[in-house]
Amino acid sequence: MVKVDLIKLIRPTQWVKNSFVLAPLLFTHSFTNANDLLNSAYAVLIFCIASSVTYIFNDYKDIEADRNHPTKSKSRPLASKTVSKNQGFLLGLFLFLILVILLAFAMSLGLILVIMGYLLLNVCYSILLKNYPFIDVICVSAGFVLRVYAGAIAISVPVSPWMFVTTLSLALFISISKRKHELYLIDNPLGSTRAVLRNYSLGLTRRLVIVTGTLTLIFYSLFVITSKENLIITVPLVAYGLFRYWYICEHYGKGESPAEAIFTDKQLLLCATIWTILSGWLVWNSG
């Protein structure tokens, strides 16, 4: 049972977020190059380890608050005491050492700096920044931008500014949807274990979801128009994906876990699969 809970502590289901590392590989035709494929996969592996280190640190930092949370007190291994603090610390230290070794073998100063920036950002977020409205969701979203940047560094390609702003807007859309869902789950934000929720309201988060969702669609459209015009036919798929995610957050209450929302909704998963295959085929045909 302890082994299962140790696995839960590193949150492998959240590793789907690291697929953003592969975005430059997809949109630059680099997926036809075996060496670029290996480098991108290596960057994804590094980000999986780095993200798990930050998850453990965050759980360690929030252990007391999580024990007062209705669901986290049961789902988080440290909060539920199915994993001891010492076990959590040793696992985090072990993963950090693996991360250092992987970065040493990568021999890429750029990738090392991005990972260091990602770790520093998450430490600052867990200790302080998550308590400030808007800064909290911007910090989370910046982590996705760093993933895209790491993917570009791994295969030595430039990234369109439109890809960065599209990634940021999409991440903000997902992060704010999560805050909105968290507000739904509690009767009194002032008594919430997540202090920052005291500064949000359902009305505000609804409007921010509309704004960020709209920006995501606009920026993605501008990205494909300026970079790969033939990808314009994928815009309806992106629009449907945004609408579907919004729908399942509103009607099925899955906004708290984006990974769960994607993997448990067949329509959203099918949309993402079709978009990936179609985008890859269009980029490949464009040469």
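This is a predicted model: local features need pLDDT of at least 70, side-chain atom pairs count only at pLDDT 80 or more; totals for chains, interfaces and linings use all residues.

User: Okay, then which residues does F263 touch, not counting residues up to four places away in sequence?
Analyst: With those sequence neighbours set aside, F263 touches V16 and L269. F263 itself is found in helix α13.

User: And how far apart are F263 and L111 in space?
Analyst: Going C-alpha to C-alpha, they are 29 Å apart in space, and 152 residues apart in sequence.

User: Let's move on to D265. Where is its place?
Analyst: D265 is in the loop between α13 (258–264) and α14 (266–286).

User: Buried or exposed, that D265?
Analyst: D265 is buried: its relative accessible area is 7%, and the cut-off for buried is under 20%.

User: What does the side chain of D265 reach?
Analyst: The backbone nitrogen of L268, at 2.8 Å. D265 is also in contact with R244 and I248, leaving aside its neighbours within four places in sequence.

User: Good. At what angle do the axes of α3 and α7 cross?
Analyst: The axes of α3 (residues 34–61) and α7 (residues 85–106) cross at roughly 155° and come within 9 Å. That angle makes α3 roughly antiparallel to α7, since angles over 145 degrees count that way. As for handedness, α3 passes α7 in a left-handed crossing.

User: Which residues of α3 and α7 meet?
Analyst: On the α3 side there are Y42, L45, I46, I49, A50, S52, V53, I56 and Y60. They meet a set in α7 that includes F89, L95, F96, L99 and F105. By class, the contact of α3 with α7 divides into 17 nonpolar, three polar and one charged.

User: What about α3 and α8, at what angle do they pack?
Analyst: About 15°, with the axes of α3 and α8 (residues 109–127) 10 Å apart. So α3 and α8 are roughly parallel to each other, and their crossing is right-handed. Among the residues making this contact are I46, F47 and F57 of α3, together with L111, V114 and Y118 of α8. The contact of α3 with α8 has 11 nonpolar, five polar and one charged residues.

User: Another pair, please. How far apart are the axes of α10 and α12?
Analyst: The axes of α10 and α12 (residues 235–252) are 10 Å apart, and the two helices pack at an angle of about 10°. That makes α10 roughly parallel to α12. The way α10 passes α12 is a right-handed crossing.

User: Who meets whom in α10 and α12?
Analyst: L170, F173, I174, S177, K180 and Y184 in α10 meet L242, Y245, W246, C249 and E250 in α12. Sorted by class, the contact of α10 with α12 has eight nonpolar, one polar and two charged residues.

User: Staying in α10, is S169 buried or exposed?
Analyst: S169, which lies in helix α10 (residues 161–185), is buried, with a relative accessible area of 5%. Its side chain reaches the backbone oxygen of V165 at 2.9 Å. Not counting residues up to four places away in sequence, S169 touches T212, L215, T216 and F219.

User: And L168, what does it count as at 32% relative accessibility?
Analyst: L168 counts as partly exposed. Its place is in helix α10 too. With residues up to four places away in sequence left out, L168 touches S141 and V145. L168 and T212 are 9.1 Å apart in space, C-alpha to C-alpha, and 44 residues apart in sequence.

User: Last topic, backbone angles. What is the phi of H29 near?
Analyst: Near 70°, a positive value in a residue other than glycine. H29 is found in the loop between α2 (23–27) and α3.

User: How about K81, where is that found?
Analyst: K81 is in the loop between α6 (77–80) and α7. K81 has a positive phi of about 70° although it is not a glycine. At 62% relative accessibility, K81 counts as exposed.

Technical notes: Residues are numbered from 1 along each chain as its sequence is written. Side-chain values use heavy atoms; hydrogens and water are left out. Axes are lines fitted to C-alpha atoms, for helices over the stretch in contact, and angles run from 0 to 180 degrees between N-to-C directions. Helices (H or I, at least four residues) and strands (E, at least two) are DSSP runs, numbered from the N terminus. Angles under 35 degrees count as roughly parallel, over 145 as roughly antiparallel, 65 to 115 as roughly perpendicular and the rest as oblique. A crossing is left-handed if the near helix is turned anticlockwise from the far one by less than a right angle, and right-handed if clockwise. Contact means heavy atoms within 4.5 Å. Ala, Val, Leu, Ile, Met, Phe, Trp, Tyr, Cys and Pro count as nonpolar, Asp, Glu, Lys and Arg as charged, and the others, Gly among them, as polar. Buried means under 20% relative accessible area, exposed over 50%, partly exposed in between (1.4 Å probe, protein chains only). A polar contact is a pair of N or O atoms within 3.5 Å; within protein, one must be able to donate a hydrogen and the other to accept it, and residues adjacent in sequence count only if both atoms are side-chain atoms.
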